[in-house]
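Work through the following exercises with the sequence and the model at hand. Each task is followed by a solution in steps.

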Amino acid sequence: MNTRDEAVALDEADPLAPLRAQFALAPDTIYLNGNSLGVPPAAAAQRAQVVIAAEWGEGLVRSWNTAGWFALAKRLGNKLAPLVGAAHNEIVVTDSISVNLFKLLSAALRFQRQRDPKRRVIVAERGDFPNDLYIAQGLVAQFDGAYELRFIDDPSELPAALQPDTAVAMLTQVNYRSGYMHDMAALTQLIHQKGALALWDLAHSAGAVPLDLNGVGADCAVGCTYKYLNGGPGSPAFVWVPHRHQNAFTQPLSGWWGHRAPFAMNPVFEPEDGIGRFLSGTQPIVSMALVECGLDVFLQTDMPSIRKKSLALTDLFIELVEARCDAFPLRLITPREHARRGSQVSFAHPNGYEVMQALIARGVIGDYREPHVLRFGLTPLYTRYVDVWDAVETLRDVLANETWRAAEFAQRAAVT
Ligand SMILES: *Cc1c(COP(=O)(O)O)cnc(C)c1O
């Protein structure tokens with residue numbers, strides 16, 4: 001592409017373009033960070049008002065029943081299900097990814113221990129988002145040597161890492177730093193051949209790429225609602241467990257929301273049959289209610305249409321950076337191959353942090369990840385082709401004029 005007008009023409013022909021109006025977008029901002037925190041759906045402010053003033057303010061405690069608060073975790077799970085290839089009553093929206101990983105890893109270890117006590121190893125990727133590794137480490141430490149964490153550095157090491165002692169492989173489908181996407185079907189099959197369970201983290205997949213959890217036969221999954229699904233800062237995550245495993249998995253955070261009769265006030269815990277047993281305690285209803293606003297936009301289209309535009313946007317971003325910023329030391333670390341790419345593009349630059357701060361000062365918001373990585377999330381529901389053009393022109397300007405060298409851009413904030 002050689003001119004901005006060509007980008008404008010692509011937007012005019014884009015079948016998803018009308019959906020952009022359903023988001024409350026900040027003026028004079030090109031937002032390429034929906035992989036970290038999605039933008040607010042336009043309906044969210046109104047929905048928050050209704051939940052606070054009418055459901056909470058007027059309905060008060062009655063709203064657990066009358067406003068459907070108690071059923072919300074399951075109802076939202078069913079709305080989310082088609083986006084990830086899940087069946088009805090296989091998902092609950094609840095808690096954080098961190099907490100849900102603890103539940104699922106524990107459930108998977110227990111399930112395997114009962115079948116074969118030799119299976120005591122969790123296989124994980126060293127390059128995964130560290131949070132998931134921290135949760136696994138915390139879990140392993142609780143059991144004083146009964147379990148073990150084994151790292152791989154590359155998917156090619158997975159066959160050797162999956163030994164007769166392996167209980168579960170915990171993999172994030174799309175890597176947070178590089179945007180590399182695993183072949184979920186092939187790896188799940190391999191994990192099963194070696195007798196282990198496949199736990200998938202869909203933080204950078206849900207709402208970003210088409211998923212077929214039941215089709216690939218995965219064993220359990222967690223995912224995020226505040227990234228591509230636009231649920232709002234800290235909105236609850238989700239847990240998927242297929243029907244075939246639900247009653248065979250028990251999780252340790254056995255709170256009353258997962259009890260088969262929570263209001264019987266029985267002192268003995270008995271898990272609910274089905275996906276409800278993956279709930280623990282009372283949920284943040286105000287935040288959870290807003291998740292629905294984002295899902296309602298997704299349900300007006302489908303994941304194949306979103307994927308088609310996502311690949312077109314990421315292809316264009318790569319093409320323009322390589323053509324127009326070729327004088328600068330940028331190195332693409334995202335796979336060019338479509339099948340291996342999520343919905344983000346990452347470039348390494350020796351002064352990545354400073355360059356990103358200079359871009360943000362110019363209204364082009366991406367983010368930075370150690371070491372040296374400029375990360376740009378391309379979200380098809382509200383990102384235009386012309387935004388890609390303008391973002392790359394701003395990047396070129398920041399690099400050509402070296403505005404990133406200003407001292408202010410070297411100051412590190414708490415969140416990068
Ligand atoms: C974003 C992300 C998380 C976030 O976990 P929280 O519990 O919501 O803080 C976890 N894992 C991965 C892979 C992520 O990308």
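**Exercise 1. Place Thr-379 in the fold and classify its accessibility.**

Step 1. Thr-379 sits in the loop that links E13 and H14; helices (H or I, at least four residues) and strands (E, at least two) are DSSP runs numbered from the N terminus.

Step 2. Its relative accessible area is 4%, so Thr-379 is buried. The classes are buried under 20% relative accessible area, exposed over 50% and partly exposed in between, with a 1.4 Å probe and protein chains only.

Step 3. Leaving aside residues up to four places away in sequence, Thr-379 touches Gly-34 and Tyr-228, where contact means heavy atoms within 4.5 Å.

Step 4. Thr-379 and Val-39 are 340 residues apart along the chain, and their C-alpha atoms are separated by 9.8 Å.

Two conventions apply throughout. The model is predicted: local features need pLDDT of at least 70, side-chain atom pairs count only at pLDDT 80 or more, and totals for chains, interfaces and linings use all residues. Residues are numbered from 1 along each chain as its sequence is written, and side-chain values use heavy atoms, with hydrogens and water left out.

**Exercise 2. Describe the surroundings of the ligand.**

Step 1. List the shell, taking residues with a heavy atom within 4 Å of the ligand. The shell consists of Ser-96, Ile-97, Ser-98, Phe-129, Asn-131, Asp-132, Thr-172, Asp-201, Ala-203, His-204, Tyr-226 and Lys-227.

Step 2. Sort the shell by type: four residues are nonpolar, five polar and three charged. Here Ala, Val, Leu, Ile, Met, Phe, Trp, Tyr, Cys and Pro count as nonpolar, Asp, Glu, Lys and Arg as charged, and the others, Gly among them, as polar.

Step 3. Assign elements: H5 and helix H6 (130-142) each supply at least two shell residues.

Step 4. Look for polar contacts (pairs of N or O atoms within 3.5 Å). A polar side-chain atom of Tyr-226 is 2.7 Å from a ligand oxygen, an N or O atom in the side chain of Asp-201 is 3.2 Å from a ligand nitrogen, and a polar backbone atom of Ile-97 is 3.4 Å from a ligand oxygen.

Step 5. On its own the ligand has 390 Å² of accessible area, of which the protein covers 85%; the areas come from the Shrake-Rupley method with a 1.4 Å probe.

**Exercise 3. Identify the nonpolar cores.**

Step 1. Apply the criterion: buried Ala, Val, Leu, Ile, Met, Phe, Trp, Tyr and Cys residues joined through side-chain atoms within 4.5 Å.

Step 2. The largest core has 91 residues, and Val-84, Leu-158, Val-168, Met-170, Trp-200 and Phe-238 have the most contacts inside it. Its largest share, eight residues, comes from helix H5 (residues 97-115).

Step 3. A second, separate core of 36 residues includes Leu-32, Ile-318, Leu-332 and Leu-359.

**Exercise 4. Which residues other than glycine have a positive phi, among them Asn-230 and Met-265, and is each buried or exposed?**

Step 1. Phi is near 60 degrees for Asn-230, which lies in the loop between strand E7 (220-223) and strand E8 (238-240). With 2% relative accessibility, Asn-230 counts as buried.

Step 2. Phi is near 55 degrees for Met-265, in the loop between helix H10 (243-246) and helix H11 (285-298). Met-265 is exposed, at a relative accessible area of 56%.

**Exercise 5. Locate the cis peptide bond that involves Pro-371.**

Step 1. The bond runs from Glu-370 to Pro-371, with omega near -10 degrees.

Step 2. Pro-371 belongs to the loop between strand E12 (367-369) and strand E13 (373-377).

Technical notes
A residue is near a molecule or strand if one of its heavy atoms lies within 4 Å of it. A polar contact is a pair of N or O atoms within 3.5 Å; within protein, one must be able to donate a hydrogen and the other to accept it, and residues adjacent in sequence count only if both atoms are side-chain atoms.
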